[in-house]
Amino acid sequence: MTAIYDCSVDSQLLTGMRLARGAIGRGELVVIPTDTVYGVAADAFSAAAVARLLEAKGRERTSPPPVLIPGIPTLDALAAEVPEPVRRLVAEFWPGGLTVILHAQPSLQWDLGETRGTVALRMPASPIALELLSETGPLAVSSANLSGQPSATTAADAEAMLGESVTVYLDGGPAGTGYEAIGERPGDTSSTIVDATGLTADGGVLRIVRAGVISRERIAAVVGDELLAPIEGAAPATSVAHEGSPDASVADGGSPAASVADEADAAAS
């Protein structure tokens, strides 16, 4: 039977983390807190687990989940190339509410859905999420809600929507409290998603494909306005759906190429 573990209580934290690690290892789903919203997490390298995640949320393979990671070394391991402006962005905003879409390493043995060779990555500013990531490795994490519903900011909200499709719920208290809710929807504390895949071409720019808790102005202060696509000219992302990252999520409706919606931080999440 599914249980919610209060991570503010040491005994429940230890038990919950142990059970969460086991559930991830068996290809099951776990709900985790992130700094933005709650995320539903699965082993990123288990196609069956990722399929289970998408099914629990009511998503198709055209809405692949972002991936939450424990640090910069994992960014370099999963991305085919990390352009210098992206390094400046993650130095400024990680761990935190910024998800970056990059070309994935072609040698990766995973199946996140119809990503068209890209991956959305985020390092969340959540001690609980980071501890789990340090033990499990990268996790596919989408927002812990049913597709079309508001992102969950508490473990109870997530459980009300996802129920027994999730094996373990880790309760880290309300999510998103460290950010101003400046996302695309009222009260939205999802991460900002930036598509950096265009930077690999001459004259390429960054595109903000979902406005979230990291404002355009803050991003421009790091990389310069000249590297940001105009707001009205921004094109859909080439990959992903929401954390969470959870960090480890563009809108739940999806985009033509493959949505980048409801994260998190989690992406999940």
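The questions and answers below explain the terms applied to this predicted model. Residues are numbered from 1 along each chain as its sequence is written, and side-chain values use heavy atoms, with hydrogens and water left out. Because the model is predicted, local features need pLDDT of at least 70 and side-chain atom pairs count only at pLDDT 80 or more, whereas totals for chains, interfaces and linings use all residues.

Q: Why is Leu78 called buried?
A: The relative accessible area of Leu78 is 4%. Buried means under 20% relative accessible area, exposed means over 50%, and partly exposed lies in between (1.4 Å probe, protein chains only). Leu78 is therefore buried.

Q: Why does Arg116 count as exposed, and why is Glu114 called partly exposed?
A: Arg116 has a relative accessibility of 63% and so counts as exposed. Glu114 has a relative accessible area of 39%, and is therefore partly exposed. Arg116 is found in the loop between β5 and β6, and Glu114 is found in the loop between β5 and β6.

Q: Which residues does Leu78 touch?
A: Leu78 lies in helix α3; helices (H or I, at least four residues) and strands (E, at least two) are DSSP runs, numbered from the N terminus. Contact means heavy atoms within 4.5 Å. Leaving aside residues up to four places away in sequence, the partners of Leu78 include Phe45, Val67, Trp110 and Pro138. Gln105 is also among the residues that Leu78 touches, and the two are 27 residues apart in sequence but 5.5 Å apart in space, C-alpha to C-alpha.

Q: What makes a set of residues a nonpolar core?
A: Such a core is a set of buried Ala, Val, Leu, Ile, Met, Phe, Trp, Tyr and Cys residues joined through side-chain atoms within 4.5 Å. The largest one here has 54 residues, of which Val31, Val67, Trp94, Leu98 and Ile219 touch the most other members. Helix α2 (47-57) is one of the elements that each supply at least two residues of this core, and α2 gives the largest share, five residues. A second, separate core has 18 residues, among them Met17 and Leu139.

Q: Why is α4 called oblique to α7?
A: The two helices pack at an angle of about 125°, and their axes are 9 Å apart. Axes are lines fitted to C-alpha atoms, for helices over the stretch in contact, and angles run from 0 to 180 degrees between N-to-C directions. Angles under 35 degrees count as roughly parallel, over 145 as roughly antiparallel, 65 to 115 as roughly perpendicular and the rest as oblique. Helix α4 is therefore oblique to α7.

Q: Which residues of α4 and α7 meet?
A: Pro85, Arg88, Leu89, Glu92 and Phe93 in α4 meet Arg218, Ile219, Val222 and Val223 in α7.

Q: Why are α1 and α5 called oblique to each other?
A: Helix α1 (residues 10-25) and helix α5 (residues 127-136) pack at an angle of about 45°, with axes 11 Å apart. By the cut-offs for angles, α1 and α5 are therefore oblique to each other. Their contact involves Met17, Ala20, Arg21 and Ile24 of α1, together with Ile128, Glu131, Leu132, Glu135 and Thr136 of α5.
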